[in-house]
Amino acid sequence: MSPVNVTADAERFTCNAYLVDGEVTTLVDAGAMPGVVDEIREHVDEVDRVVLTHQHGDHVEQLDAVLDAFDAELFAYDDHPRRTRAIDDGDAVQIGDETTEVVYTPGHASDHVAFVGETALFSGDVVVYNDGAFDDGSFGRTDHATGDRERLIESLRAILDRLPESVTGLYAGHGDPFEASATESVRDVIERALERAERREPKYPEE
């Protein structure tokens, strides 16, 4: 699997929106970058579905534009006026050529899910590789209305419990993607994020 971050060149704040070509061409989150439709069309002619990790604005601002341009299905945990399929913990969702398992992962957002495949983890904002707070294993902010540090800790544990050893790619909503090496695995990154979250200290000084 070779996801393409179609919002990588954004000049405004957005999430990473990952395009995965294959049997079921899928966009993981739509992002907030104007012109994302044109960027998607640089890579594919059609998008079969958009799957959402959660519905914070930086993940869905361009959702209508993408759905309109490609007449794509919308898979989401929480209600949305254009949702065509509700997804829940344990569901199977194909992304590209890979079947992933939906893992309900609240804490950063109450509607947050991650998609765990055989080779790739699309983690949204529950766990990221680097984000300015930590460089090699971090976790989503919990200092807002739908945030809950204790639930986020449980979500990180849930991902670890259901993560195949074959997963070599971590594709998060922010920061850089992570590819496993001979010395560091995706599990290592998540375990560091969990350890840091379990300190229950403010992630940023202003929290």
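Predicted model: local features only at pLDDT ≥ 70, side-chain atom pairs only at ≥ 80, totals over all residues.
1. The open sheet. Six strands make up an open sheet, in the order S1-S2-S3-S4-S5-S6, and their pairing is mixed. Its edges are strand S1 (4–5) and strand S6 (85–86), each of which pairs on one side only. As background for the reader, strands of a sheet pair through backbone hydrogen bonds, either parallel or antiparallel.

2. Pairing around S5. Strand S4 (residues 49–51) and S5 run parallel and are joined by three bridges. Within this pairing, Arg 49 stands opposite Glu 73 in S5. Strand S5 (residues 73–76) also runs parallel to S6, to which two bridges join it. Here Phe 75 has Arg 85 in S6 as its bridge partner.

3. The cavity. Rolling a probe the size of a water molecule over the atoms shows where empty space is left. How many cavities of 30 Å³ or more does a search of the whole structure find? The search finds one. The volume of the largest cavity is about 40 Å³.

4. The lining of the cavity. The residues that line the largest cavity include Asn 16, Tyr 18, Val 28, Asp 29, Thr 53, Phe 122 and Tyr 171. Strand S10 (120–124) and strand S13 (169–172) each contribute at least two residues to this lining. S10 gives the most, with three residues. Sorted by class, the lining of the largest cavity has five nonpolar, five polar and one charged residues.

5. Tyr 18, Phe 122 and Tyr 171 form one aromatic cluster.

6. The largest pocket. The largest pocket holds about 260 Å³ of space. Which residues lie nearest the centre of this pocket? Of the 15 residues that line the pocket, they are Phe 13, His 108, Asp 125, Arg 141 and His 174. By class, the lining of the largest pocket has four nonpolar, six polar and five charged residues.

7. Tyr 77 is partly exposed, with a relative accessible area of 26%.

8. Aromatic pairs: Tyr 129 and Phe 178. The rings of Tyr 129 and Phe 178 have centres 4.9 Å apart and planes at 25°, so this pair is stacked. Tyr 129 belongs to the loop between strand S11 (127–128) and strand S12 (138–139), and Phe 178 to strand S14 (residues 178–179), so the pair ties together parts that are 49 residues apart in sequence. Is Tyr 129 buried or exposed? Tyr 129 counts as buried because its relative accessibility is 17%, and buried means under 20%. Phe 178 is buried with a relative accessible area of 5%.

9. Val 102. This residue lies in strand S8. Val 102 counts as buried, at 0% relative accessibility. Leaving out residues up to four places away in sequence, Val 102 touches Ile 87, Asp 88, Asp 89, Gly 90, Asp 91, Val 93, Val 113, Ala 114, Phe 115 and Arg 162. The C-alpha atoms of Val 102 and Asp 89 are separated by 5.2 Å, although these residues are 13 residues apart along the chain.

10. His 112. Where is His 112 found? His 112 sits in the loop between strand S8 (98–104) and strand S9 (113–116). His 112 is buried, with a relative accessible area of 0%. Apart from neighbours within four places in sequence, its contacts include Thr 53, His 54, Tyr 104, Ser 123 and Asp 125.

Methods: Residues numbered from 1 in each chain as written. Heavy atoms only, no water. Helix = DSSP H or I, 4+ residues; strand = E, 2+ residues; numbered from the N terminus. Buried < 20%, exposed > 50% of the residue type's maximum accessible area, 1.4 Å probe, protein only. Contact = heavy atoms within 4.5 Å. Pairing = 2+ DSSP bridges. 1 Å grid on protein atoms, 1.4 Å probe; cavity = no way out; pocket = protein on both sides within 12 Å on 5 of 7 lines; lining within 4 Å. Points joined across faces, edges and corners; volume = space filled by probe spheres on them. Nonpolar A, V, L, I, M, F, W, Y, C, P; charged D, E, K, R; others polar. Phe/Tyr/Trp six-rings, centres within 6.5 Å; stacked < 30°, edge-to-face > 60°.
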